[in-house]
Amino acid sequence: MADPQIGIYGLGTMGAALALNMADSGIDIAVSNRSPEPIAEFVTRAAPFADHVTALDTLEGLIDALPEPRLLLAMIPSTAPMDAFLEQVIPLLSEGDTVIDAGNADFHATRARSAQLAEHGLHFVGLGVSGGEDGARHGPSMMFGGSEESWAGLQPILSKIAAQFDGAPCADRMGPDGAGHFVKTVHNGIEYADMQMIAEVYDLLRHGAGHSPAEIGAQFARWNEGALESYLFEITGKVLSYDDPQGDGPMVDAILDKAGQKGTGRWTAIEAVKLGQSATMIEGAVAARAWSAEKDLREVAGATLGADRSGFTPDVEELEAALLAARILEYAQGFRILAAASAEYDWQLDFARIAEIWRAGCIIRARLLDDIADAFRESPPEGQLFLAPRFAPVLERGIPALRRLVSEAIAAGYPLPVLGAALSFWDTLRQPRGTAALIQAQRDFFGRHGFDRVDGKDVHHGPWWG
Ligand code: 6PG
């Protein structure tokens, strides 16, 4: 048996899927887990690739099985368990070894862990992995953050197991320390916005136009054949076509309307605000999930305030144009956060490359990303996607459609936390003179905070101060 090239510790759903993907791709791996059952289960599942798998009972055994400099991938929760794991593993490793955290982690924790391991002459990699279990097993999109040395060791492995787009692997080095986990976090923020935007359209078609889930699913499937093609549209089409095997109606009607969230969408919104940005479409999606969880309150409020809303039948072609415009704006917001973080942490993020590695394998994969990559390569004005000449015709058609959709839907009583935010974002940024002069006047009035004048005169307070 050949020397394992990489060790995988943590054989839960995602760890096992990544490990199987590696073994299936001809990579020699060593695996272990804290408790023994998942190891035995993995060995059974990996039987067809047994020549490539060495299973060890202990972490010590796993580390001994790896050639130096070691690559040790941990698929365990990136919170306290990761810190406990690092405490345990650091004394067992040798200078130059790399520990890889392939979970969804707060990039601040990744940066701190990189610094912690560097003190011991070790490397720490934050690896964003997208695509769910199926992606991890058959080809995820992967966002690497860490040293050049670790990338040199890991790149051949990641290239083999990653999703491929036009023959190129959807895996790349984003930058040092927390860059990979940050890009993955923003990926998830965009995921939240896209999912909520889809849910808003579903609401309009279902309750405004009175279509059945199956009819709406068929519409998403049709849209998925055009410019809106994306994994999330594809699965929406499928999900809506199912009936409840335990009941007699559509599956979607049997599901409690309280959305879960593990935190990455919220992290995106928080980091955007910390960076002086605001990703209102992502914030809207996070808000929608939080409000959805307040089911009991909504029951009371509906009974008290009335849950009525009017019929509203959006035009399907207008909807397509509006959704495409909104999707451009949602990516524009995501990339603005990436740009702000890249400047703050000096990561030199390559936005075109990020768009490229999101074209396959990940949850937000979409036809539009090919154009987004090209738009960044063409250096859009001010670095802004929504100013990219290649999107001008789409937005020229899509924004008026979005405006009609949002205004009519709001007039009819439908909430649009994401589609509404898209329009306000657009309408704010296209105004050379906004409303902030009044905000400045108010701040000066109550707190003597001062302002700059449009004529540049050296007077910074209003007449209210005498
Ligand atoms: C991915 C997904 C994944 C995420 C789930 C659930 O890229 O494969 O983003 O990382 O964990 O989508 O996220 P929420 O529980 O926050 O919805």
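Of the 466 residues in the protein, 51% are buried, and this figure, like every other value in this briefing, is computed from a predicted model. The protein has 19 helices and ten strands. Its radius of gyration is 25 Å, close to the 23 Å that the globule rule gives for 466 residues, so the protein is as compact as a globular protein of that length.

**Overall dimensions, surface and charge**

- Taken along the principal axes, the box filled by the C-alpha atoms of the protein is roughly 75 × 70 × 45 Å.

**Cysteines**

- The count of disulfides in the model is zero, and C170 is accordingly in no disulfide, the nearest cysteine sulfur being that of C362 at 7.5 Å.

**Buried residues in helices**

- I328 lies in helix 14, which covers residues 316-345, and it counts as buried because its relative accessibility is 1%, where the cut-off for buried is under 20%.
- Leaving aside neighbours within four places in sequence, I328 is in contact with L368, F391, V394 and L395.
- The C-alpha atoms of I328 and G398 are separated by 9.9 Å, although these two residues are 70 residues apart along the chain.
- S159 belongs to helix 7, residues 148-161, and with a relative accessible area of 19% it is buried, a value to be read against the cut-off of under 20%.
- Not counting residues up to four places away in sequence, S159 touches Q164 and P169.

**Buried residues in loops**

- G103 is placed in the loop between strand 5 (98-101) and helix 5 (107-118), where it counts as buried at 12% relative accessibility.
- The contacts of G103, again not counting residues up to four places away in sequence, are with M75, S78, L127 and H181.
- From C-alpha to C-alpha, G103 and G128 are 6.6 Å apart in space, while their separation in sequence is 25 residues.
- N224 is found in the loop that runs between helix 9 (213-223) and helix 10 (231-239), and at 15% relative accessibility this asparagine counts as buried.
- When residues up to four places away in sequence are not counted, N224 touches E229, S230, F233 and E234.

**Backbone features in loops**

- Which peptide bond is cis, with omega near -10 degrees? The bond in question runs from E68 to P69, and P69 lies in the loop between helix 3 (59-65) and strand 4 (71-74).
- D166 has a positive phi of about 50 degrees although it is not a glycine, and its place is in the loop between strand 8 (164-165) and strand 9 (168-169).
- Is D166 buried or exposed? At 73% relative accessibility, D166 counts as exposed, the cut-off for that class being over 50%.
- Q348, a residue other than glycine, has a positive phi near 55 degrees and sits in the loop between helix 14 and helix 15 (351-357).
- Q348 is exposed, with a relative accessible area of 62%.

Note on methods:
Residues are numbered from 1 along each chain as its sequence is written. This is a predicted model: local features need pLDDT of at least 70, side-chain atom pairs count only at pLDDT 80 or more; totals for chains, interfaces and linings use all residues. Side-chain values use heavy atoms; hydrogens and water are left out. A disulfide is a pair of cysteine sulfur atoms within 2.5 Å. Helices (H or I, at least four residues) and strands (E, at least two) are DSSP runs, numbered from the N terminus. The radius of gyration is taken over C-alpha atoms; the globule rule is 2.2 Å times the number of residues to the power 0.38. Buried means under 20% relative accessible area, exposed over 50%, partly exposed in between (1.4 Å probe, protein chains only). Contact means heavy atoms within 4.5 Å.
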